[in-house]
Amino acid sequence: MTGVVAKVLFKIVGRGEWDTKPLRDLVEGCYKEGRPLITVSNHVGTIDDPVLWGGLPWWWVLKDFRHKRWIWASQEICHKTPLIATGFGLGQCLPVVRGAGLSQPAVGELLETLPGNPWIHVFSEAMCNQTGQLRPFKWGVAHVIANSPNPPVVLPMAHRGMENMFPEAKSKLYPRFCRLKVLTGDPVDVSDLWEEYQVLGEGVKGVGEMSERQKDIYRRITERVQG
């Protein structure tokens with residue numbers, strides 16, 4: 001049902017444009033190679049996920065259950081009741097508390113999925129932003145990259161138009177017709193920083209427990225991904 005709604009919003013209401021082949025090729029290639037794929041993008045509104053994935057073709061999503069991303073979802077919005085939480089859980093969403101840092105359970109749970117080499121999507125700004133300008137990325141994406149079991153493929157994406165479908169200043173009870181456009185960038189090589197972190201050998205820690213060198217690596221990973 002969620003997939004149907006996402007498809008309608010992306011294709012009909014949003015008249016979305018997106019060449020999904022680069023993403024699809026990477027997802028399939030990473031599974032064959034046994035490497036995690038981490039996609040990162042701007043975050044315009046609470047319905048970015050799942051509407052964005054409405055641009056993916058049905059035949060591709062259904063042919064392999066692994067063609068689904070794992071993602072953090074805001075606990076206060078997406079996990080208000082057990083029923084809602086179950087629905088998002090089945091959609092491979094893990095409840096994260098904004099501002100609670102890297103030591104919270106959802107962060108560890110996402111890292112536990114990495115040995116299965118899944119596709120993970122991260123809204124790196126960690127908040128909705130309709131200003132048109134990227135905010136500084138949070139360290140969540142660096143945390144996932146650094147603690148991957150092997151060097152991940154990092155793919156930046158960008159989308160626009162969702163701010164017109166559900167503008168913050170207006171009622172969110174219904175979507176508005178708009179133009180959605182999704183762009184897929186080139187993979188970002190972070191293998192050198194991943195290797196530097198492994199040599200450091202400090203393991204998974206919260207920000208308050210990190211050494212200055214560990215913080216520096218996280219900082220450089222985040223800056224490289226944001227570009």
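Which residue in E5 is the bridge partner of Val-40? In this predicted model, the partner of Val-40 is Pro-156.

## Pairing of E1 and E5

The bridge between Val-40 and Pro-156 belongs to the pairing of two parallel strands, E1 (residues 37-41) and E5 (residues 153-160). These two strands are joined by 4 bridges.

## The sheet

E1 and E5 form part of an open sheet of 6 strands. The strand order is E3-E2-E4-E1-E5-E6, and the pairing is mixed. Strand E3 (93-96) and strand E6 (181-184) each have a single partner strand and stand at the edges, so one side of each is left without a neighbour in the sheet. From one strand to the next, the twist averages 25°.

Helix H2 packs on this sheet. The strands that H2 touches are E1, E4 (119-123), E5 and E6. Relative to the direction of E1, that of H2 makes an angle of about 150°.

## Lys-21 in helix H2

Helix H2 spans residues 21-33 and includes Lys-21. The relative accessibility of Lys-21 is 44%. Because buried means under 20% and exposed means over 50%, Lys-21 counts as partly exposed.

The side chain of Lys-21 makes a polar contact, at 2.6 Å, with the side chain of Asp-25. Along the chain, Lys-21 and Val-190 are 169 residues apart, and a distance of 23 Å separates their C-alpha atoms.

Methods: Residues numbered from 1 in each chain as written. Predicted model: local features only at pLDDT ≥ 70, side-chain atom pairs only at ≥ 80, totals over all residues. Heavy atoms only, no water. Buried < 20%, exposed > 50% of the residue type's maximum accessible area, 1.4 Å probe, protein only. Polar contact = N/O pair within 3.5 Å; in protein donor to acceptor, adjacent residues only side chain to side chain. Pairing = 2+ DSSP bridges. Axes fitted to C-alpha atoms, helices over the stretch in contact; angles between N-to-C directions. Contact = heavy atoms within 4.5 Å.
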